[in-house]
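Let's walk through this structure together, from the details of two places to the chain as a whole. Keep the model open beside you as you read.

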Amino acid sequence: MAYTFPKFNVAPSQFGFQLEPEAPTPDHIRETYLLTSLFITIKNGQSISLGNSFSRIEIYEDIFSPSITGAITVYDYVGGLEKFMFSGGETITMTVLKPGGSNEILISRNDLIVYEVGKVKFDGENIQTYDLLFTSKSAISSQKKRLYKSFGDDRGLKSVLSKIYTDINSASNLNINTIDPEIKMPKAFISPGYTPMEAISQLARRACVLGDYFVFFEKLCGRNSLDFKHVFISLGSLKEFWKSGNLPRLVYQPTQSYLNKETNRSILIKSFMIENNFQHLERMQSGFYNSRIRQLDLYSRTYKDETISYKDMALDTDFYANRILETNNEFLKYNNGYPEYPGERLVVKSINDILEDKAAWIKYDTYGGLLNSGIRVLADIPGADNRISVGYAVELVLPSKVAKAQNLEQSIMAEDEFYSGKYLVTAVRHSFTKDTYTKKIELSRGSLKINLDNRINQTSG
């Protein structure tokens, strides 16, 4: 693909994310919701309500997955599994409203298809519990087709994406508005039997040669039929979009006085967990820190080498400009004369590959993966008082243990400057019980608010 970067100066409405402030939700109903419909349609067209028989619903959306997945745990005390013969292929319809009488739709889906019936657990003679696992209809439609197709003279990335997506769903459900229509592929895209979703996912990976990291994912929270369900976007442009917005502020602080001050303008975190981060040995083996890419030309029997290194890569597609590894770090010390290349790759240029420069693609694809998984935090928040879903960005505020230890009498919370800050929401697990709605959100970024080198020098001085 040509080296044309995505345009960032598009209208906010084209990104498919809402920035308008929401009406505040009273504290005592932030974790509640109003379920107006939850029913399953079986093969004869009959609709059966699950509102009284479900015990839990979980729906998972991930920025690195083209389809949402989920499960409804059914508490079956009337023999529904036998009576209605649940066997996969049934359609689930679900509508959830915000509590408090605003009638704002949080979730509205009528295209969820059961693809598996989970293990049945018996509790007494007449009670059985099982999961109905589901995904979206578009995922099923994609699995029915294989594309053996060349797009010939149509080299436009945006145009080819639209054509592939029509094999899944109407083009109006795919948001590609942020993709520059001038981005051209140097060669025709040939699909060698991919499903449509696989083909689009492959194009997202190949588009990393543009110098950014592209993803193709499905959103859960469509509020009406005009909302985009699928998004093809560069994460650099997505982060650029959120830089200028008023980000939702997520705060964890158990002190009651602080909660009273923050409750009207912040989302209160119920619990959080800092994930396994840095993982240097794994990232060395994946070539994040120092790689030699050797491109073989079998026809001329020649090769060309290129070295890519974390310390040489720019940070212009993340929220901050500070690296997550300091200069004097053992994992960044390499003797290129020896040589030391833990991520060595051999690539052969294919005649039919749309990539002209595989080394550039590997470089941006590898580094983009690190920028979007360098630091990860999980946080549980109330589900009903916010629009947060995959592709959103948030401002995370965690308490500083250091500041508290230095001044035990201090009542005002100081921020943990290492883990607080802006994050991209890369995944959300929506969890419903009979009475509550919570979101477990996965937050990621690849940079720090502080400069590690400067801070280490200050500490040592």
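Helices (H or I, at least four residues) and strands (E, at least two) are taken here as DSSP runs, numbered from the N terminus. With that in hand, find V78, which sits in the loop between β4 (69–76) and α1 (80–83). The model is a predicted one, in which local features need pLDDT of at least 70, side-chain atom pairs count only at pLDDT 80 or more, and totals for chains, interfaces and linings use all residues. Residues are numbered from 1 along each chain as its sequence is written, and side-chain values use heavy atoms, with hydrogens and water left out.

V78 counts as exposed because its relative accessibility is 60%; exposed means over 50% relative accessible area, buried under 20%, and partly exposed in between (1.4 Å probe, protein chains only). Together with Y75 and Y77, V78 forms a nonpolar patch on the surface.

Now turn to helix α8, residues 358–371. Of its 14 residues, 13 are buried, so α8 is largely enclosed by the rest of the structure. At the start of α8, the backbone nitrogen of A359 has a side-chain oxygen of D357 within 3.2 Å.

Stepping back, the chain holds 10 helices and 23 strands. It has 461 residues, of which 52% count as buried. Take the contacts (heavy atoms within 4.5 Å) between residues at least 6 apart in sequence: 72% of them join residues at least 24 apart.

Notes. Patch = residues over 30% accessible without salt bridge, like charges linked within 9 Å, V, L, I, M, F, W, Y side chains within 5 Å. Areas by Shrake-Rupley, 256 points an atom, 1.4 Å probe, with all protein chains shown as cover. Salt bridge = Lys/Arg side-chain N within 4 Å of Asp/Glu carboxyl O. Polar contact = N/O pair within 3.5 Å; in protein donor to acceptor, adjacent residues only side chain to side chain.
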